[in-house]
Amino acid sequence: MLTPLIAELALGSTPIRMAWLVLLWIPIYGAGALLIRELVVRCGRGWPSILLLALAYELLEDGIGLQALTSPHLYDAADWGLRVFGFNAPYWEANVIYHAVFTLAVPIALTDLLFPRHRGRPYLGRTGLVVCAVVALLGVGVLRGSVPPQEDPGYQAPLAFVLGCLVAVLAIGVVALRLVPRAQQTRESPGTVEVAPRVWLFCGAGLGTLVFFALTFPMFGATQPAFTHGPVVVVPMLASAALAAASYLIVRRMAASPEWTERETLALIAGALIGHSIGGLATVAHTTVDRIGLVAIVAVTGLAMWRLDQRLLERR
């Protein structure tokens, strides 16, 4: 439930005036994220595998479901620059990082905070896992049958690309679930790693998210990210990749400190969520109603994060 609410509604890509569409996105978003979480937990892997599987998720959603990775028209993705052999590279990078954070990492981490007793163990049995996989695949079909016929009628992604996506998804799955090292609960010695204050984590996550949006999504009437033209889009692409990698390494190191608690995790999540809805105001909100809806979502998000922080404080 959290995944489509965060990844679609709280961004504004599904505007609040069409909130009922979230029900259609539950199979691909909800079952997709749940399936990834279950497979990673069952195989004893951790966050590196979840983030790596975001590559597979993006190929299934945008490559096969929406066909946006190759479409010359859908979402104007082809106009973002650097269309390589028919592949919309800037659109792919923006969405694979977005899905890694807001479709997978944030909903999974939030659920762990809400239900700590179930952290690190499967939610589903074998039958439930199979059903979840089937529902996720049906979700890809729902996307394919609903959005492209309306937004890009008549377009069909090249068969070679679709087959390539399927092969890549299988290969990524093997690497993420078999070759990536198992999760280890190692902690640094006290004082070895300095953990930033929660207010800094909140502000840093929010600012980093806004910078990510500015680097990867066209905004304020621009046709390419960061107001670039033509192949110059490579510059913000490299900058956004560096930002994502640096953010991951910094958080991973701080999270290994014994001083890191659930409240630090929540501070990061809260900042990222509020930053991402503000980013939606600049990139995808087109009407006054949509903007008012996102402002309301920012307020509700802030209140919910504060209430959860109080709950975590009481739990200690």
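In helix α7, Leu201, Ala205, Gly206, Thr209, Phe212, Phe213, Leu215 and Thr216 are buried. Buried denotes under 20% relative accessible area, exposed over 50%, and partly exposed the range in between (1.4 Å probe, protein chains only). Helices (H or I, at least four residues) and strands (E, at least two) are DSSP runs, numbered from the N terminus. The model is predicted: local features need pLDDT of at least 70, side-chain atom pairs count only at pLDDT 80 or more, and totals for chains, interfaces and linings use all residues. Residues are numbered from 1 along each chain as its sequence is written, and side-chain values use heavy atoms, with hydrogens and water left out.

Helix α7 covers residues 198-216, 19 residues in total. From first C-alpha to last it reaches 27 Å, close to the 27 Å expected at 1.5 Å a residue. The expected span is 1.5 Å times one less than the number of residues. The cover over the buried residues of α7 includes α4 (89-114), α8 (234-255) and α9 (262-283). Contact here means heavy atoms within 4.5 Å. Trp200 also lies in α7. Trp200 is exposed, with a relative accessible area of 62%. Its C-alpha lies 8.6 Å from that of Ala267, although Trp200 and Ala267 are 67 residues apart in sequence.

Aromatic pairs were then counted. Rings of Phe, Tyr and Trp (its six-membered ring) pair if their centres lie within 6.5 Å; planes under 30 degrees apart count as stacked, over 60 as edge-to-face and the rest as tilted. The count by this rule is 11 aromatic pairs. Tyr29 and Tyr57 form a tilted pair, because their ring centres are 6.3 Å apart and their planes stand at 45°. This pair links distant parts of the chain. Tyr29 belongs to helix α2 (residues 22-42) and Tyr57 to helix α3 (residues 47-65), 28 residues apart. Both Tyr29 and Tyr57 are buried. The rings of Phe212 and Phe217 have centres 6.1 Å apart and planes at 85°, so this pair is edge-to-face. Phe212 and Phe217 are both buried. One aromatic cluster is formed by Tyr75, Trp80, Tyr91, Tyr98, Phe102, Phe212, Phe213 and Phe217. Arg37 lies over the face of Tyr123, at 3.6 Å from the ring centre. The criterion for a charge over a ring is NZ of Lys or CZ of Arg within 6 Å of the ring centre and within 35 degrees of the ring normal.

A nonpolar core is a set of buried Ala, Val, Leu, Ile, Met, Phe, Trp, Tyr and Cys residues joined through side-chain atoms within 4.5 Å. The largest has 68 residues, and Leu110, Ile269 and Leu273 have the most contacts inside it. Its largest share, 13 residues, comes from α4. Leu273 touches Ile6, Phe102, Val106, Leu110, Thr301 and Met305, not counting residues up to four places away in sequence.

Overall, the secondary structure comes to 10 helices and 2 strands. Along the sequence the pattern is α-α-α-β-β-α-α-α-α-α-α-α. With 316 residues, a compact globule would have a radius of gyration near 20 Å; the chain has 19 Å, which agrees. That radius is taken over C-alpha atoms, and the globule rule is 2.2 Å times the number of residues to the power 0.38. The C-alpha trace spans about 55 × 45 × 35 Å along its principal axes. Of the 316 residues, 47% count as buried.
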